[in-house]
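Please look over the sequence and the model shown below before reading on. The report that follows takes up the covalent links of the chain, then its sheet, and then some overall figures.

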Amino acid sequence: MSSRLLKFLPFALGLCACGPDTSATSGRFGLDVVMSRAVADEVHALQVSVVKDGSRRNCTELQRTCLNTQVKREDLVVLEDPRGNEGRALRFTVDLAAMQNGGSQALAVDVPVGRDYALVIEALAVGSPSRFLGSSCNYLKVVNSGDNAPVVAAPLVLTEQSCDPSIAP
């Protein structure tokens, strides 16, 4: 089951998504993540999750703390990256040197075709366990196979918490 969601990752101070693909069971969205240099210094990874029944969720509330403390595991759709790794949340290491020099980083995630999702991107700090720095939340009303209309992602809200944002595959 391959479907593409997120594709490009440049940093400066917000998030912005758009994108295409042609698969029978998935849709692809391009994603640009923009973050201030000061914020990017602490971010080690981004964790991407997609929650079912997005319209029932309050994105402002979802951004306050770790997603895994607010939703049930079965409310998260299974995602897949281009290497075939699957999980209810996928993590991508951030190339800080590239981001701080105005560069970008490619990011791709497959999302099942469906309706009424919430896309949550959590910024994680280095450490064991990981530390939640903040997140972004956007509603995805429809994920079609093939090309999808561009999505403008919400800005990354910094609300550092002591929770461990890890989500089991």
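How many disulfides does the count come to? The count comes to two disulfides, where a pair of cysteine sulfur atoms has to lie within 2.5 Å to be included. The model is a predicted one, and the values below are computed from it.

## The link of Cys59 and Cys137

The sulfur atoms of Cys59 and Cys137 are 2.0 Å apart, and these two residues form a disulfide. Because Cys59 belongs to helix 2 (residues 59-62) and Cys137 to strand 12 (residues 131-143), this pair ties together parts of the chain that are 78 residues apart in sequence.

The link of Cys59 and Cys137 is left-handed, with -55° about the S-S bond.

## The link of Cys66 and Cys163

A second pair, Cys66 and Cys163, is joined by a disulfide with an S to S distance of 1.9 Å. This pair also links distant parts of the chain, since Cys66 sits in the loop between helix 2 and strand 6 (79-80), while Cys163 is found in the segment after strand 14, 97 residues apart.

The torsion about the S-S bond of Cys66 and Cys163 is about 90°, and the disulfide is therefore right-handed. Cys66 is buried, and Cys163 is buried as well. When the bonded cysteines are counted along the chain, the disulfides follow the pattern 1-3, 2-4.

In what order do the strands of the open sheet of five run? The order is 8-5-11-12-14, and the pairing is antiparallel. Strand 8 (90-93) and strand 14 (157-158) are the edge strands, each of which pairs on one side only. Strand 12, which holds Cys137, is also one of the five strands of this sheet.

Within the sheet, strand 5 (residues 43-52) and strand 11 (residues 114-125) pair in the antiparallel sense over nine bridges. The position of Gln47 illustrates the pairing, for its bridge partner in strand 11 is Glu122.

## The chain as a whole

Three helices and 14 strands are assigned in the chain.

Among contacts between residues at least 6 apart in sequence, 69% join residues that are at least 24 apart. The accessible surface of the chain comes to about 7800 Å², and 52% of this surface belongs to carbon and sulfur atoms.

Definitions and conventions
Residues are numbered from 1 along each chain as its sequence is written. This is a predicted model: local features need pLDDT of at least 70, side-chain atom pairs count only at pLDDT 80 or more; totals for chains, interfaces and linings use all residues. Side-chain values use heavy atoms; hydrogens and water are left out. Two strands pair if DSSP finds at least two bridges between them. Helices (H or I, at least four residues) and strands (E, at least two) are DSSP runs, numbered from the N terminus. Buried means under 20% relative accessible area, exposed over 50%, partly exposed in between (1.4 Å probe, protein chains only). Contact means heavy atoms within 4.5 Å. Accessible areas come from the Shrake-Rupley method with a 1.4 Å probe; for residues, only the protein chains shown count as cover.
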